[in-house]
Amino acid sequence: MHFADYLYSPDQLPQGYAETRAFAEDLWNAAAAGRDMKVDARRLPESQVFVSDVRYLMAAVQVPAGRPVFRWNEADGGRPASLAAWREQGGPNFQGLLTGCAYEVLLPDAYFAAWRQADRDTRPFALRAAVEYLKTLFNEPANRIRAVAAPYYEHWLEEWRIGFTLANSDEVVHGVTWPLLGHEDENADLGAEIEALLKSTGIGEVRMLDTRMPLEYCEDCGAPLFPNPDGENVHAELPEDMQGTPAQLH
Ligand SMILES: [Zn+2]
């Protein structure tokens, strides 16, 4: 097994099938020559900065024809056991690359399947990460944080958005989007899933709006607008005295 020696952000992955095929060929060629693929990170697009997102580790695996690629492909293997083993044995190897970050490693899989699964697993991770981020940033316990979640529509339900405020304020200080995936539509009970997840973080209040919010973005920076406790679409902004690196500048 040989790796591409870089952790890719979603916007650095090859775009479309032709680029993906070319990338795979480079990786296969490196693997066939018995080495890892050297990635020149300066030639990749700059990754955007989020409170939490996904990083991809890519590998080429050579196995004799007809033999399993993954441990969980074997008769006595299984995904849950493989994931537990990978977390325990593989997980710590990422510590040096992700200093000071909370991270979760996901089960290795075929490229597109892993990508789809990562999209799915990122949604709850982003919500939990947002609560951790706000606890640290404001130095407040979870029960002093409030979340307001609402469904966002264009013609149909497009996504859910979750605005976060402190308990004593209606100002939205941070927001997270929860995109729909695959065949999900308004019949999927995403609201219940989001509500249960938010409650499990121990935050003080979870307000679920049943208003259909319009899918609006900031006209200046294109950031999505988030629901405040009054059901209005607002820009998520840190208080002025805290507007450091991750904040909005307008
Ligand atoms: Zn803006």
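In which sense, parallel or antiparallel, do S3 and strand S7 (residues 213-214) pair? The two pair in the parallel sense, over two bridges; strands pair if DSSP finds at least two bridges between them. Within S7, Met-213 is the bridge partner of Tyr-152. Strands (E, at least two residues) and helices (H or I, at least four) are DSSP runs, numbered from the N terminus.

The model is predicted, so local features need pLDDT of at least 70 and side-chain atom pairs count only at pLDDT 80 or more, while totals for chains, interfaces and linings use all residues. Residues are numbered from 1 along each chain as its sequence is written, and side-chain values use heavy atoms, with hydrogens and water left out.

Strand S3 spans residues 145-153, and nine of its nine residues are buried, so the strand is largely enclosed by the rest of the structure. Buried denotes under 20% relative accessible area, exposed over 50% and partly exposed in between (1.4 Å probe, protein chains only). In a regular strand the side chains alternate between the two faces of the sheet. Both faces of S3 are covered, with Ile-145, Ala-147, Ala-149, Pro-151 and Tyr-153 buried on one side and Arg-146, Val-148, Ala-150 and Tyr-152 buried on the other.

S3 runs antiparallel to strand S4 (residues 157-166), to which nine bridges join it. A hairpin through three residues links S3 to S4, and Ala-147 stands opposite Phe-164 of S4. Strand S6 (residues 205-208) runs parallel to S3 and is joined to it by four bridges; here Ala-149 stands opposite Met-208.
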